Amino acid sequence: MCGVLGIVGKSPVAQSLYDGLTVLQHRGQDAAGILTCDENGFVNMRKDNGLVKDVFFKRHMQRLTGNIGIGHCRYPTAGSSSPAEAQPFYVNSPFGIALGHNGNLTNASKLRSRIFRDDLRHVNTSSDSEILLNVFAHEIYRNLGEGSYKLENKHIFKAVEGVFKRCHGGYGVVAFVMGVGLVAFRDKFGIRPLIYGYRETAHGREYMVASESVALDSQGFTVLADVRPGECIILPIDGEIANHQCVDDAVYAPCIFEQVYLARPDSMIDGISVYRTRMRMGEKLAKKIAREWPDHDIDVVIPIPDTSRTAALEMSQVLGVTYREGFIKNRYIGRTFIMPGQEERKKSVRQKLNAIGIEFEGKNVMLVDDSIVRGTTSKQIVQMARESGANNVYFASAAPPVRYPNVYGIDMPAADELMASNRTVEQVEQSIGADRLFYQDLHDLIAAASEGNPQITKFDTSCFSKEYVTGDVDDEYFSALELLRSDDAKRADEAMPSRLRDMSQMDESS
């Protein structure tokens with residue numbers, strides 16, 4: 001999960017890119033980058049580890065000149081968080097191409113060796129985004145034809161068709177191509193989100209493409225459409241938008257975890273309101289509780305801020321139980337779902353949340369969270385509720401049990417580090433210390449999302465169901481993934497001096 005956006009403007013775009021990235025900050029807190037191109041064809045780029053506000057200062061913004069550019073905020077799914085991994089990536093041949101990417105390639109290791117052997121291109125980091133960029137660049141060169149120097153839309157579309165044939169997995173891509181404009185495309189299942197729109201200015205029409213609609217809303221852009229699965233759109237420097245369906249067998253199957261946790265509630269994804277979906281999640285979970293526990297003794301429903309608030313409020317109304325805010329969140333602590341390492345996650349939960357004792361004392365409390373992944377947060381919050389004087393602590397997850405890793409761009413850990421992996425609901429209940437635990441049913445979660453857009457009936461639910469829509473994920477892939485995503489692997493990577501870590505990546509890529 002990362003945030004990507006691009007703008008084709010009629011005036012300097014650096015400030016709008018910066019503002020857009022701050023709105024997408026929830027999608028990635030590890031690194032940020034902006035690339036712009038000025039009227040003389042010079043590319044300017046600034047990227048580094050850190051939050052958007054910590055990466056860009058006045059001196060950087062002054063150098064990011066030009067009316068076209070792309071931005072990225074990174075959330076690492078595996079491997080290093082070295083500044084070298086920050087996006088966008090840039091290659092100068094052919095023409096000059098930069099790319100930002102949200103997602104994960106499931107055949108990255110095979111592509112890496114083939115790029116070097118067959119395409120004669122070198123990948124210098126462990127990032128699959130750099131692989132995607134080099135595949136795209138090679139496909140443009142191959143489809144342009146020997147001796148031809150005029151790049152047309154048909155060459156771009158052919159190149160993207162080649163990318164789809166070679167690159168498997170989930171991805172939403174925004175690329176800058178010198179002399180053309182922005183190119184955006186989305187994997188053939190639409191797993192990762194991508195949306196575009198326009199705004200009218202005194203100088204003419206400007207275009208933006210971004211991971212979530214909220215980035216467009218905040219900058220005064222009107223949404224035109226979501227990029228369809230397998231579709232490529234070109235937002236030109238001059239002229240009208242061009243689009244082309246590059247894959248014949250495309251199937252809409254967006255990641256349902258966007259609706260559960262990843263996306264902001266004020267976003268629309270594939271025509272589905274994230275806020276309304278979360279309301280329906282709370283309603284359906286409340287009906288399940290009422291069905292299975294009609295004589296419940298819940299005194300108060302308390303959300304675990306922030307993502308679960310919408311579901312918790314709706315749950316309280318359906319159950320006819322008081323809703324209260326029982327935890328205050330420290331806004332200066334990052335999302336614990338993203339934190340590398342179990343000890344850091346444990347520490348950050350106590351720093352992030354503080355209980356309001358009077359809302360717990362002497363009460364039977366129903367805590368509501370969006371999901372239970374590792375269980376670290378859930379266990380500590382249950383304990384905090386008990387320490388604050390709750391009689392009984394019940395727990396409700398607005399999502400089904402997360403039993404399997406996500407391989408399409410979300411850093412869910414190795415399977416044996418997932419709380420619900422190989423555990424029954426009762427065992428999870430005991431492990432987090434709750435008196436009673438309720439999970440959302442998968443069919444109810446799917447219904448909650450699809451009610452927002454009945455045309456979408458299929459979702460990627462792999463972390464709940466182990467049904468991977470790309471069809472290329474097997475036990476061998478999981479074994480390799482476990483080596484990258486386990487907490488032990490991340491601790492080893494963090495302990496390696498950055499110079500040696502970058503050298504090891506260079507060795508791997510060659």
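Start by selecting lysine 47 and phenylalanine 89: the lysine lies over the face of the phenylalanine, at 4.5 Å from the ring centre. A charge counts as sitting over a ring if NZ of Lys or CZ of Arg is within 6 Å of the ring centre and within 35 degrees of the ring normal. Before moving on, note that this is a predicted model, in which local features need pLDDT of at least 70 and side-chain atom pairs count only at pLDDT 80 or more, while totals for chains, interfaces and linings use all residues. Residues are numbered from 1 along each chain as its sequence is written, and side-chain values use heavy atoms, with hydrogens and water left out.

Next, pick arginine 436 and tryptophan 293. The charged end of the arginine is over the tryptophan ring, 4.5 Å from its centre.

Now for the aromatic pairs, of which the structure holds 12. Rings of Phe, Tyr and Trp (its six-membered ring) pair if their centres lie within 6.5 Å; planes under 30 degrees apart are stacked, over 60 edge-to-face, and the rest tilted. Show phenylalanine 164 and phenylalanine 185, an edge-to-face pair at 5.9 Å centre to centre with 75 degrees between the planes. This pair links distant parts of the chain, 21 residues apart: phenylalanine 164 is in helix H6 (residues 153-166) and phenylalanine 185 in strand S8 (residues 181-186). Helices (H or I, at least four residues) and strands (E, at least two) are DSSP runs, numbered from the N terminus.

Buried means under 20% relative accessible area, exposed over 50%, and partly exposed in between (1.4 Å probe, protein chains only).

Tyrosine 171 is in strand S7 (residues 169-177), 14 residues from phenylalanine 185.

Then go to helix H10 (residues 309-319), whose buried residues are Thr310, Ala311, Ala312, Glu314, Met315, Ser316 and Leu319. Their cover includes helix H9 (274-292) and strand S20 (364-369); contact means heavy atoms within 4.5 Å. Just after H10, glycine 320 takes a positive phi of about 70 degrees.

Finally, colour by pLDDT (the predictor's confidence in each residue, from 0 to 100). The chain averages 90, and 90% of the residues score at least 70. Over residues 496-510 the pLDDT is below 50. Where pLDDT is low, the predicted coordinates should not be read in detail.
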